[in-house]
Amino acid sequence: MEDLSGKLPAFKKIDYAIFDRLDKYKQTPNYVNLQDFYNGLEEDQQKALKGGLILSLFLLPLLLLSFLWWKNSNLKEELEMRTQIVNRANEIIGQRQSLQAVKFNVISGSPIDSDSMMTSRLSGLLSGIGVDLGKIQVKEFNTNPASTEILKSEADFTFVNMSTDELMNTLTAMIQREKFRISDITITRNPQSNFLQGKFHAIHFSAISAAGEEE
């Protein structure tokens with residue numbers, strides 16, 4: 001058989017190699033023995049053997065293709081899963097970085113972990129706006145971690161003999177400078193002096209990690 005393998009496409013080369021092997025096999029004693037065995041079979045047996053060989057020739061490539069398709073599907077699913085994990089990880093990292101960038105806009109960088117510290121922080125706020133500390137007092141202070149990174153502190157406050165401007169300035173300073181959240185506020189006006197008195201509840205969130213860095 002003329003060697004045309006260098007001039008043939010890839011699939012033709014495979015066919016050529018197979019038929020070349022068959023031609024060489026026909027020249028061996030084993031082929032003669034196989035031919036004698038085949039000739040010794042009944043006609044029905046020969047047909048059955050031919051059918052089996054033909055079926056094998058069809059099934060083997062199909063099995064190989066099925067195996068390759070199955071492997072490719074598994075690799076594709078694994079690749080998609082890995083891609084999703086990487087994308088999700090990048091998303092979480094991005095969210096954490098965004099949170100780190102804006103968290104001190106909504107929580108304080110200085111924690112309040114005791115009633116004395118709450119009073120000291122309040123005193124600093126009031127002195128900055130010119131309000132007498134004796135007009136407002138801290139009541140029922142408590143604190144506990146809201147998460148591994150955030151400390152939640154809250155207290156009830158009572159106030160007396162405050163003007164409208166003093167009360168508004170106090171609440172504004174607590175909210176803007178210390179990131180307090182004010183709730184449950186009750187206000188009454190003294191009809192004789194026109195000063196305000198009442199109570200409110202305030203919640204303070206702070207970054208625990210920031211406390212560790214300061215120390």
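This note goes through the fold, the sheet, the salt bridges and the surface of a predicted model.

1. Basis. The model is predicted, so local features need pLDDT of at least 70 and side-chain atom pairs count only at pLDDT 80 or more, while totals for chains, interfaces and linings use all residues. Residues are numbered from 1 along each chain as its sequence is written, and side-chain values use heavy atoms, with hydrogens and water left out.

2. Overall make-up. The protein chain has six helices and four strands, taken as DSSP runs numbered from the N terminus (helices: H or I, at least four residues; strands: E, at least two). Read from the N terminus, the order of elements is α-α-α-α-β-β-α-β-β-α. Of the contacts in the protein chain with a separation of 6 or more, 58% are between residues 24 or more positions apart; a contact means heavy atoms within 4.5 Å.

3. Sheet. The four strands form an open sheet, ordered β1-β2-β4-β3, with antiparallel pairing. β1 (136-145) and β3 (180-189) are the edge strands, each pairing on one side only. Two strands count as paired if DSSP finds at least two bridges between them. Neighbouring strands are turned by 10 degrees against each other on average, direction ignored. Inside the sheet, β2 (residues 150-162) and β4 (residues 196-207) pair in the antiparallel sense over 11 bridges. Phe159 has Gly198 in β4 as its bridge partner.

4. Helices on the sheet. Helix α4 (residues 115-129) lies across β1, β2, β3 and β4 and runs at about 130 degrees to β1. Helix α5 (residues 164-178) also lies across β1, β2, β3 and β4, running at about 170 degrees to β3. For these angles, axes are lines fitted to C-alpha atoms (for helices over the stretch in contact), and the values run from 0 to 180 degrees between N-to-C directions.

5. The whole structure holds three salt bridges, each defined as a side-chain nitrogen of Lys or Arg within 4 Å of a carboxyl oxygen of Asp or Glu. Arg121 and Glu178 form one of them, at 3.0 Å from N to O. Arg121 belongs to helix α4 and Glu178 to helix α5, so this pair ties together parts that are 57 residues apart in sequence. Both Arg121 and Glu178 are buried, where buried means under 20% relative accessible area, exposed over 50%, and partly exposed in between (1.4 Å probe, protein chains only).

6. The other two salt bridges. Lys135 and Glu166 meet through their side chains at 3.1 Å, N to O. Lys135 sits in the loop between α4 and β1 and Glu166 in helix α5, so the pair ties together parts that are 31 residues apart in sequence. Glu166 counts as buried because its relative accessibility is 18%. Lys152 forms a salt bridge with Glu154, with the closest N and O atoms 3.9 Å apart. Lys152 counts as partly exposed at 24% relative accessibility, and Glu154 as buried at 15%.

7. Surface. The accessible surface of the protein chain comes to about 15600 Å², of which 58% belongs to carbon and sulfur atoms; areas come from the Shrake-Rupley method with a 1.4 Å probe, and for residues only the protein chains shown count as cover. Buried residues make up 21% of the 215 residues.

8. Nonpolar patch. A nonpolar surface patch of about 1100 Å² includes Leu59, Leu65, Phe67, Trp69 and Trp70 among its residues. Patches are made of residues with over 30% relative accessible area and no salt bridge; like charges are joined within 9 Å and nonpolar side chains (Val, Leu, Ile, Met, Phe, Trp, Tyr) within 5 Å. Leu65 lies in helix α3 (residues 43-106) and counts as exposed because its relative accessibility is 53%.
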